[in-house]
Amino acid sequence: MNTSTTTPDPIYVTDELIAKDIDAYLVRHQHKSLLRFITCGSVDDGKSTLIGRLLYDSKMIFEDQLAALEADSKKVGTQGQEIDFALLVDGLAAEREQGITIDVAYRFFSTEKRKFIVADTPGHEQYTRNMVTGASTADLAIILIDARKGVLTQTRRHSYLAHLIGIRNLVLAVNKMDLIGYDRAKYEQIVEDYRSFAKSIGITDFTPMPISGFKGDNITANSPNMPWYTGAPLMAHLETVELDTTLDQAKPFRLPVQWVNRPNLDFRGFSGLIASGSIKPGDAIRVLPSGKTSTVSRIATFDGDLEQAVAGQSITLCLADEIDCSRGDVITQAEQPTQVADQFESTLVWMSDEALVPGRPYWLKIGTQTVTARVQPPEYQINVNTLEHLAAKTLELNAIGVAKLTTERAIPFEPYADNHTLGGFILIDKFSNATVAAGMLNFSLRRAQNVHWQALDVTRESRAELKQQKPAVLWFTGLSGSGKSTIANLVEKKLAHLGKHTFLLDGDNIRHGLNKDLGFTQADRIENIRRIGEVAKLMTDAGLIVLTAFISPFRAERELVRGMLPEGEFIEIHVDTPLAEAEKRDVKGLYKKARTGQLPNFTGIDSPYETPESPEIHIDTTTVTAEQAADLIVGRVLG
């Protein structure tokens, strides 16, 4: 029996192996996700100390830095002979002298699971603008509370600001637990006090945890001093919390164009950072504000073409058609375009020593576009400490207020609550080029001010007499696929053949122009019908017979249009088709998309259709043909 063994060849550590290890590490590091977060709260709550502890525990301090920290701790530290971790962050001389944070301090650190950029924001009220600056790019906020003091005014103030800025992930860190003997009852009372306040300002979810930044309790590991706390330690929470970019990927596609990439005659692409959603070759897109449409032919990057790109990636889109698109435009999903408007309600955080001058033109920078904007006198200023709405004629430094603003041209946008990139902006003084305010667009305004009705000498009656017909609005309503447009088109052809003056307003056609800025939410559908009603009214003033083919799912809006017109001029025509039959036809494939969740708010699937209660004309498409229906309608209209 052969019992000999073979000795394995020795493994020698070579420069090549070391280089491979380094390359592998760099690749892993490059593909780590990045969490941006801020620490905020009242003065002396321990924000800088906490960040210093995180840097120390994540081994992001070099030996010479540690030696300098130990020396500085003995000279200017506040912890006796022990290390003062706050000195790692408080870089300004004034901060070290006073033991407070004045400016926003940014620090980078990394663990095996994730990279981090943390902003240490000041606690003093007079530095509110600095806090807002740090919060503007954050995915998470750590709101610190001194366990000895509980919830303070600045706790409320910074919580409100973090919520206003749209930070979704909040950590309530009750700090300095070592100074209250790790008292569980005091901790739970603080959490309950904060929960009551948070609910009053709309914060519905936050993660509480008891910590000691100085002693390291519950920072990287659960502390034996608080066995009653069973949640994750702070570092584990930071490493696993869901990022905003992950949530943004589920939203409709939005790409603000930063640069038109034209290196040669054979290549033309549109470069930018994807604000939300995902895109792949073959997808239909729409360019706003022009409304031009095309499809994606390729997605180019420095590292090669992609089969799909998602929110957070910088890409260059190449389109199948040569359409007009330039810096500042927004490329969107064709079926779900963003809104376009030139009047807005906005929330402003004033950041300049010089007060707001209502009516003065400022540069408004939003996404990749810059336009002239004028701000009206504020509707009110917000007292962040009490949440009161106060009367104000202007906004001073650090003030927060709500005001209407107007841009020189219509711009693509989304409410800030839905999309930070297309809803957040800054105002820039045109003379000094200084940033004077940060703002959030809340919604567009559709009511003009100081607009008065002009009396006309030629009346609607005289226009109708010239055309020898009675004006009317034939309002076709029904489910998608019911045959509204087909029947309306036949009716118009028959009326035109009889010498009548008509105009057909079709739902799809109107959304290519007048209503291209509207989506399909309930609010947008209501606004869609209101606008059509106004247009139809103007056309009847011109003496026309107007045909409209819209789903118009809500009775209240159809009645709104009826109320715009003289009695007898609004003729509601219900093109009645059962949902199953309409879905069976599905010429455009819309029901199929709605069933798979690709078309939210689709009438009949996840948005209601309210059938007319007493229409002037009822068409049952299961018993009559489109031609028969058209003859019936023409007979009723002219009879």
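Hi everyone, let's start with Thr316: beyond its neighbours within four places in sequence, Thr316 is in contact (heavy atoms within 4.5 Å) with Asn261, Phe267, Gly269, Phe270, Ser271, Arg298, Ile299 and Ala300. Please keep in mind that this is a predicted model, where local features need pLDDT of at least 70 and side-chain atom pairs count only at pLDDT 80 or more, while totals for chains, interfaces and linings use all residues. Residues are numbered from 1 along each chain as its sequence is written, and side-chain values use heavy atoms, leaving out hydrogens and water.

Thr316 sits in strand S14, residues 314-319. Is Thr316 buried or exposed? Thr316 is buried, because its relative accessible area is 9% and buried means under 20%, with exposed over 50% and partly exposed in between (1.4 Å probe, protein chains only). Its side chain also makes a polar contact with the side chain of Ser271, at 2.7 Å.

On to a helix pair. The axes of H12 (residues 484-497) and H18 (residues 626-638) come within 9 Å and cross at roughly 50 degrees. The two helices are therefore oblique to each other; angles under 35 degrees count as roughly parallel, over 145 as roughly antiparallel, 65 to 115 as roughly perpendicular and the rest as oblique. Among the residues that meet there are Ile487 and Leu490 in H12, with Ile633 and Val634 in H18. By class, this contact has 10 nonpolar, 1 polar and 3 charged residues.

Finally, Arg184 belongs to helix H7, residues 184-200. Arg184 is partly exposed, at 41% relative accessible area, and its side chain makes a polar contact (N or O atoms within 3.5 Å) with that of Glu188, at 2.9 Å.

Technical notes
Helix = DSSP H or I, 4+ residues; strand = E, 2+ residues; numbered from the N terminus. Polar contact = N/O pair within 3.5 Å; in protein donor to acceptor, adjacent residues only side chain to side chain. Axes fitted to C-alpha atoms, helices over the stretch in contact; angles between N-to-C directions. Nonpolar A, V, L, I, M, F, W, Y, C, P; charged D, E, K, R; others polar.
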